[in-house]
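User: I am new to this structure and would be grateful for a close look at one part of it, the place where two of its chains meet. Please set that part in the context of the chain that contributes to it.

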Amino acid sequence: MNNNDLYVELSAIFHDVFDDESIVVTPQLTADDVDEWDSLSHIRLVLAIERKFGLQFSAAEVSRLKNVGEFVALIRSKAA
Amino acid sequence: MTTTLPQARVLVPADLAPGLQACVEFHVTAQQMQQFAELSGDFNPLHTDDAFARGKGFEGAVVYGGLLIAKVSQLIGMRLPGRDGVWASVQLDFRRPLYVGQAAEVEGVVASVSASTGMVDLKLTLRAAGKVLAKGTAEVVVAR
């Protein structure tokens with residue numbers, strides 16, 4: 001899966017989790033940019049990504065992430 | 001005068017492994033049915049009128065599904081995982097009615113625990129007289 005396809009898949013997940021079709025998923029996107037991005041929706045987001053890509057992350061891996069770009073890098077490293 | 005509340009069990013994520021089980025036994029009283037009717041505003045005679053319910057083929061007034069979910073709340077909030085558990089979702093399929101005063105139990109079994117988020121998936125089963133009343137699932141976040 002190339003980066004564009006990955007961001008398309010992530011966009012669908014973000015739109016569903018945050019119930020907001022207007023979110024534009026970019027590498028720079030952070031929780032501060034999305035009003036609904038609270039602790040519970042963060043859990044929903046991580047679980048949805050794990051399920052979509054058939055991956056499992058550790059708590060440490062997830063807690064280190066600073067933006068979507070780092071999440072994408074984590075997905076790529078796990079899927080490699 | 002102070003009131004001592006029942007204390008919730010404390011399970012940390014490391015305690016929670018697939019297969020861990022907890023159970024709450026209960027029965028629903030007529031007073032609880034009346035209180036729930038007033039709380040919910042649901043005065044449907046299937047829940048409030050024995051004769052009406054019998055006329056519809058039941059053995060008496062049927063316990064509110066909401067009261068069964070209340071017992072799931074007790075299971076999650078007090079036993080599995082207890083003090084630090086916060087519901088994220090619950091889903092129940094009701095299979096059989098429960099009647100006022102009938103002994104019942106709700107059982108939760110840990111199905112999985114997410115390493116990344118601490119989300120616990122529970123399988124739920126409610127039974128009375130050895131028969132399944134309802135089955136379902138719940139997602140519970142363990143607050144860290």
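Analyst: A salt bridge is a side-chain nitrogen of Lys or Arg within 4 Å of a carboxyl oxygen of Asp or Glu. Glu139(B) makes such a bridge with Arg44(A), and their closest N and O atoms lie 2.7 Å apart. Between chain B and chain A the count is 2 salt bridges.

This is a predicted model, in which local features need pLDDT of at least 70 and side-chain atom pairs count only at pLDDT 80 or more, while totals for chains, interfaces and linings use all residues. Residues are numbered from 1 along each chain as its sequence is written, chains are lettered from A and ligands numbered from 1 in the order in which they are written, and side-chain values use heavy atoms, with hydrogens and water left out.

Across the same interface of chain B and chain A, 5 residue pairs are in polar contact, both residues being at pLDDT 80 or more (a pair of N or O atoms within 3.5 Å; within protein, one must be able to donate a hydrogen and the other to accept it, and residues adjacent in sequence count only if both atoms are side-chain atoms). On the side of chain B, the elements giving two or more residues are β2 (85-94), β4 and β5 (131-142); strands are DSSP runs of E, at least two residues, numbered from the N terminus. That side divides into 4 nonpolar, 4 polar and 3 charged residues, where Ala, Val, Leu, Ile, Met, Phe, Trp, Tyr, Cys and Pro count as nonpolar, Asp, Glu, Lys and Arg as charged, and the others, Gly among them, as polar.

The contact (heavy atoms within 4.5 Å) takes 11 residues from chain B and 11 residues from chain A. Together the two chains bury about 790 Å², 59% of it on carbon and sulfur atoms; buried area is the accessible area (1.4 Å probe) that two parts lose on being put together, summed over both. In chain B, Ser116(B), Thr117(B) and Met119(B) lose the most area to chain A, together 51% of what that side buries.

Strand β4 of chain B, residues 119-128, also holds Thr125(B). Thr125(B) is buried, at a relative accessible area of 11%, because buried means under 20% (1.4 Å probe, protein chains only). Beyond residues up to four places away in sequence, Thr125(B) touches Glu105(B), Val106(B), Glu107(B), Val132(B), Ala134(B) and Lys135(B).

How values were computed:
Helices (H or I, at least four residues) and strands (E, at least two) are DSSP runs, numbered from the N terminus. Buried means under 20% relative accessible area, exposed over 50%, partly exposed in between (1.4 Å probe, protein chains only).
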